[in-house]
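Keep the structure in view as you read.

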Amino acid sequence: YFNPPIAVEQPDGSTNYKFIPNSNWSYMLEGFGNGKTDDMGYNNTYYEDCSNPDVVFAGSSHLEATHVSHDANCVYLLNEMFDKDDITNNNFKCLNIGISGHFFETTASNYQYIATKFNGAKYVVIELFNAEYSPEVLDKIIRDEFHEPMEEKGFLHKIMQKIPFVRLMYKKINETIADQDSSVATDTENKDSVDKQAEINVYTEKMNVILSEIAEISAENGIVPIIFMHERFWVNTEFEIIMETDETYKNAFKQCCENNDIKVVDVSSEMVNEYKENSAYSYGFSNSAPGEGHLNTTGHRIVAEAVYKCINEMEATK
């Protein structure tokens, strides 16, 4: 139940690491996933060879999608939709380079490498799970400090990685340490005393720098960037929907994307509607908490449908 793909170095820098190519994996700590990595070391099985994709997806463990079967993640579903519909001008091949820990800050830092490697693609779809960033983190993104290629490991480390029990124990020890660190009391800012508008102004200025660079790199490589946003939500005791992301930052991010002519696909409303209409969460599994954790099959389907609609609309306007 714990045999996730094994990380190895990624020399081209498009991601900080990749997985051992052509290796079987299974994962059932959260959800029930299984599959096989492709020739490049990522979770792609729809096409035997997708080395020259039309659409590239870059993001975190939500895209890595080891929590669902290899044929249930959003990129696989999108490939199926493009392949089997009746539209003749959208036979696009989609590639998933999603890797755990590769949130927006990492993808943005790696974007030059992604665009250079896949400069034959039409679109690059960037995942954004949380739009709220501090000025310090934004400065690090501007300096590409989250581009941190994994260094080659020693022989003993490589041997131990191949033993699932050892990997699981290492994971649990690190989680325990992290829980202990998070329980330590720390000083927090008094948010009521902070000028919220001043925060947003700084955020907007720095985010515009990041997104303008993404837009510029995209234009240089003939790529159209798309950002898809998703977020978890909860229902309070009054049966009201509470979204996870601060709405002020979310709106500011969308405005920055508009300023830089970058298309945004926000699937949050579709996920809330799915819950209201069918009582189905887009996150969580039968062996985890409902509404928590990673995208489930419902969430992946909603993402695929939204991106499919967006790209078809963009193609129709050309």
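Is arginine 301 buried, exposed or partly exposed? Arginine 301 is partly exposed, with a relative accessible area of 29%. Here buried means under 20% relative accessible area, exposed means over 50%, and partly exposed lies in between (1.4 Å probe, protein chains only).

A word on the source. This is a predicted model, where local features need pLDDT of at least 70, side-chain atom pairs count only at pLDDT 80 or more, and totals for chains, interfaces and linings use all residues. Residues are numbered from 1 along each chain as its sequence is written, and side-chain values use heavy atoms, leaving out hydrogens and water.

Side chains of opposite charge can pair when their charged atoms come close. A salt bridge is a side-chain nitrogen of Lys or Arg within 4 Å of a carboxyl oxygen of Asp or Glu. By this rule, the count is twelve salt bridges.

Stay with arginine 301. Arginine 301 forms a salt bridge with glutamate 274, with the closest N and O atoms 3.2 Å apart. This pair links distant parts of the chain: arginine 301 is in helix α10 (residues 297–316), glutamate 274 in helix α9 (residues 268–278), 27 residues apart. Helices are DSSP runs (H or I, at least four residues), as are strands (E, at least two), numbered from the N terminus. Glutamate 274 is buried, at 15% relative accessible area.

Arginine 301 also meets glutamate 305 in a salt bridge (3.4 Å, N to O). Both lie in helix α10, four residues apart, about one turn of the helix. Glutamate 305 is partly exposed, at 37%.
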